[in-house]
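Good morning, and thank you for making time for this presentation. Please turn to the sequence and the model on the screen.

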Amino acid sequence: MSDWLKEVEPLTLKGQIAVPYTWWVGETGSRFLISLRDDQKILGVKCSKCGTVYVPPRKNCGRCFVDINEWVDVADEGVIEAYTIVHYSNPVQPVKAPFAYALIKLDGADVGFLHLIKDNLDKLKNGLRVKAKFKAERSGHILDIDSFQLSDAKGGK
Ligand SMILES: [Zn+2]
């Protein structure tokens, strides 16, 4: 280190850059999102080896490492497996707080589907049934599903 640097206070400044970008979601992601946009239908894929149904769909099975080519319809409703309530808004979050991120096991799927719950946050519990609420205007985005809503605010099935 140069001598003159020993006497200089290291100073940092905060900055911020915006980096807009687009990316191709791939053939699997495209089929999934187009189904949300055009048919308000949630699609999964089923592994031919172990039978696991993944939502959102993926190209390979994470357990068997085989390609997945079988598409299946899953329900637009299911059960809350886990959730967390967000109380503070932040620009990186998809909506303003308060809302909940919830892992939802849709009927017909074997893995949790991460999405949002905006209403009845004080009533959320694992095991409660929820149903997808689609937006009227859809663009081929995961948020074409606006959020999930409690099917029965009193309890599960
Ligand atoms: Zn598998």
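Let me begin with a question: which residue in E5 is the bridge partner of Tyr 83? The partner in E5 is Ala 102.

Two remarks on conventions come next. The model is a predicted one, in which local features need pLDDT of at least 70 and side-chain atom pairs count only at pLDDT 80 or more, while totals for chains, interfaces and linings use all residues. Residue numbers start from 1 along each chain as its sequence is written.

I turn to the overall architecture. The protein has two helices and eight strands, where helices (H or I, at least four residues) and strands (E, at least two) are DSSP runs numbered from the N terminus. In order from the N terminus, the elements read α-α-β-β-β-β-β-β-β-β. The radius of gyration is 21 Å, well over the 15 Å that the globule rule gives for 157 residues, so the protein is more spread out than a compact globule. That radius is taken over C-alpha atoms, and the rule is 2.2 Å times the number of residues to the power 0.38. The C-alpha trace spans about 70 × 40 × 30 Å along its principal axes.

Next, the strand pairing; two strands pair if DSSP finds at least two bridges between them. An open sheet is formed by three strands in the order E2-E1-E3, with antiparallel pairing. Strand E2 (53-54) and strand E3 (70-74) are at the edges with a single partner strand each, so one side of each has no neighbour in the sheet. Strand E1, residues 42-46, is joined to E3 by five bridges, and Lys 46 has Glu 70 as its bridge partner in E3.

Strand E4, residues 77-86, pairs with strand E5, residues 99-106, in the antiparallel sense over eight bridges. E4 is also joined to strand E7, residues 129-134, by three bridges, again antiparallel. Within that pairing, Val 79 has Arg 129 of E7 as its bridge partner.

Finally, the chain start. Ser 2 lies in the segment before helix H1 (3-6). Is Ser 2 buried or exposed? Ser 2 is exposed, because 6 other C-beta atoms lie within 10 Å; the cut-offs are 20 or more for buried, 12 or fewer for exposed and partly exposed in between, with C-beta atoms placed from the backbone. Of the 157 residues, 19% count as buried. The C-alpha atoms of Ser 2 and Asn 120, 118 residues apart along the chain, are separated by 61 Å.
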